[in-house]
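Before you build on these coordinates, please read through the notes below with the model open beside you.

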Amino acid sequence: GSSSGVGFAIPVNYAINIANQIIAGETPVHPYLGASLMSVNAYIARQNDLAVDSGAYVAEVTAGGPAAEAGVEAGDIVTAVDGEDISSADGLIIALREHEVGDKVTLTVMRGKDEKEIEVELGSDEALQAEQEDTSDGNGSGNGMTEEEFLRYLQEYLGRGGF
């Protein structure tokens, strides 16, 4: 085999927690912040005159979610969780998954030029998972297209009347 040099790391505590939920016959749930995130890098920071050149930019905060209730705002940049540096959106997600639903974490955020510490109690993504399942048609595709619509799309895309 060959390797493309891409690796994925997940916290072992997170993997064990998920495995235990599956063994117990439960639907696995994950710690939930309630925010849409984007990674900050030097280029983005320079283009947008940001105070830091790495971290997790909060693009949107879910109303009523843990982040909103704790006071996290759209435009904040998360730079640390419990004192551990965060360099990207993925880094924040991985750091949060080292915790369990209900844990309290301290986020260090840059709001404009000001650094703030915000304590957040992590929620559960169970409701989000249920919502995503409800919008799916049950065939696992999650794209909202029926098989017939998909075939019609392919026919139009390929410019043929049939297969």
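1. Basis of the comments. This is a predicted model, in which local features need pLDDT of at least 70 and side-chain atom pairs count only at pLDDT 80 or more, while totals for chains, interfaces and linings use all residues. Residues are numbered from 1 along each chain as its sequence is written, and side-chain values use heavy atoms, with hydrogens and water left out.

2. Overall fold. The chain has 6 helices and 8 strands, taken as DSSP runs numbered from the N terminus (helices are H or I with at least four residues, strands are E with at least two). Along the sequence these elements follow the pattern α-β-β-α-β-α-β-β-α-β-β-β-α-α. Of the 163 residues, 27% count as buried, where buried means under 20% relative accessible area, exposed over 50%, and partly exposed in between, with a 1.4 Å probe and protein chains only. Among the contacts with a separation of 6 or more, 51% come from residues 24 or more positions apart, a contact being heavy atoms within 4.5 Å.

3. The β4-β5 turn. These two strands form a hairpin with 2 residues between them, and Asp 82 in the turn has a positive phi of about 50°. Most residues other than glycine have a negative phi, which makes this kind of backbone angle worth checking by eye. Asp 82 is partly exposed, with a relative accessible area of 40%.

4. The β6-β7 hairpin. Strand β6 (residues 104-111) and strand β7 (residues 114-121) pair in the antiparallel sense over 8 bridges, and Leu 107 stands opposite Ile 118 in β7. With 2 residues between the strands, the hairpin places Gly 112 at a positive phi near 70°. Lys 113 also lies in the loop between β6 and β7 and is exposed, with a relative accessible area of 59%.

5. Which residues does Lys 113 touch, leaving aside its neighbours within four places in sequence? Its contacts are Asp 49 and Ala 51, and the C-alpha atoms of Lys 113 and Leu 50 are 8.1 Å apart although 63 residues separate the two in sequence. Asp 49 sits in the loop between α2 (42-48) and β3 (55-61), counts as exposed at 61% relative accessibility, and has a positive phi near 50° in a residue other than glycine.

6. Is Asp 76 buried or exposed? This residue, in the loop between α3 (66-70) and β4 (77-81), is buried, with a relative accessible area of 1%. Its side chain reaches the backbone nitrogen of Glu 73 at 2.9 Å. Not counting residues up to four places away in sequence, Asp 76 touches Ala 56, Tyr 57, Val 58, Gly 71, Val 109, Met 110, Arg 111 and Ile 118.

7. The largest pocket. The largest pocket has a volume of about 290 Å³, and of its 13 lining residues the closest to its centre are Tyr 32, Leu 33, Gly 34, Ala 35 and Ile 93. On a 1 Å grid over the protein atoms alone, a pocket is an open set of points where a 1.4 Å probe fits, with protein on both sides within 12 Å along at least five of seven lines, and lining residues have an atom within 4 Å of a point. Grid points are joined across faces, edges and corners, and the volume is the space filled by probe spheres set on them. At least two lining residues come from each of β1 (31-32), β2 (35-40) and α4 (89-96), and β2 gives the most, with 3 residues. By class, the lining has 8 nonpolar, 3 polar and 2 charged residues, where Ala, Val, Leu, Ile, Met, Phe, Trp, Tyr, Cys and Pro count as nonpolar, Asp, Glu, Lys and Arg as charged, and the others, Gly among them, as polar.

How values were computed: Two strands pair if DSSP finds at least two bridges between them. A polar contact is a pair of N or O atoms within 3.5 Å; within protein, one must be able to donate a hydrogen and the other to accept it, and residues adjacent in sequence count only if both atoms are side-chain atoms.
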